[in-house]
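Hi,

Here is the structure I promised to pass on.

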Amino acid sequence: VRVCGGTAIPKFKPMDPIIILGLSGSGKSTFTKQMRMVQEEFTEDELQNVKIILLNNVIAGLKEVIKITEELKLEISSENLKHVRWLSNISSYEGWTSDNVAQLQQLWSDTAIQEAWSNKDNFDLHTVDHLNYIIEKLPQLLDTGYRPIPEDILKAR
């Protein structure tokens, strides 16, 4: 028996495997993660991988939103262009400092970025549906002692 939210949940016996089919962004991974959360705990390594995925989602997501600003012919403020240049030259979150987090959050708050984000439904952004959530959590995610919560696990793509 496992306790989840104060409720005892019995462990189920192993079952035959099932195949989950659906289009990209239809919730296959989310469903699988939810079922796993009910049945078992994630290992520390898996939780660390969730942090890595979320941090890498920030890089990929902001780069995609910047492309949308270009397609929509929106102008990012001159003070944030240096952050755009910095972001375009990185491929990993490793070595990020609190200054980098502040840069990313400042870029995220740029009017053009926010306008592009508000138009995200017109573009294929399935990999970064939760970019706003992740950017808010950046300081926590970079904290070595932070342990991802279930919501983090579900938003990691």
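First, a term: buried means under 20% relative accessible area, exposed over 50%, and partly exposed in between (1.4 Å probe, protein chains only). This is a predicted model, where local features need pLDDT of at least 70, side-chain atom pairs count only at pLDDT 80 or more, and totals for chains, interfaces and linings use all residues. Residues are numbered from 1 along each chain as its sequence is written, and side-chain values use heavy atoms, with hydrogens and water left out.

Ile113 is buried, at a relative accessible area of 0%. You'll find Ile113 in helix H5, residues 111-118 (helices are DSSP runs of H or I, at least four residues, numbered from the N terminus). Beyond its neighbours within four places in sequence, Ile113 is in contact (heavy atoms within 4.5 Å) with Val65, Ile66, Thr69, Ile76, Leu107 and Trp108.

On to charges. There are three salt bridges, meaning a side-chain nitrogen of Lys or Arg within 4 Å of a carboxyl oxygen of Asp or Glu:

- Arg147 pairs with Glu44 at 2.9 Å, N to O. Arg147 sits in the loop between H7 and helix H8 (150-155) and Glu44 in helix H2, so the pair ties together parts 103 residues apart in sequence.
- Lys137 pairs with Asp152 at 3.1 Å, N to O. Lys137 is in the loop between H6 and H7, and Asp152 is in helix H8. Lys137 counts as buried at 9%, and Asp152 is buried at 0%.
- Glu151 pairs with Lys155 at 3.8 Å, N to O. Both lie in helix H8, four residues apart.

Cheers

Notes: Helix = DSSP H or I, 4+ residues; strand = E, 2+ residues; numbered from the N terminus.
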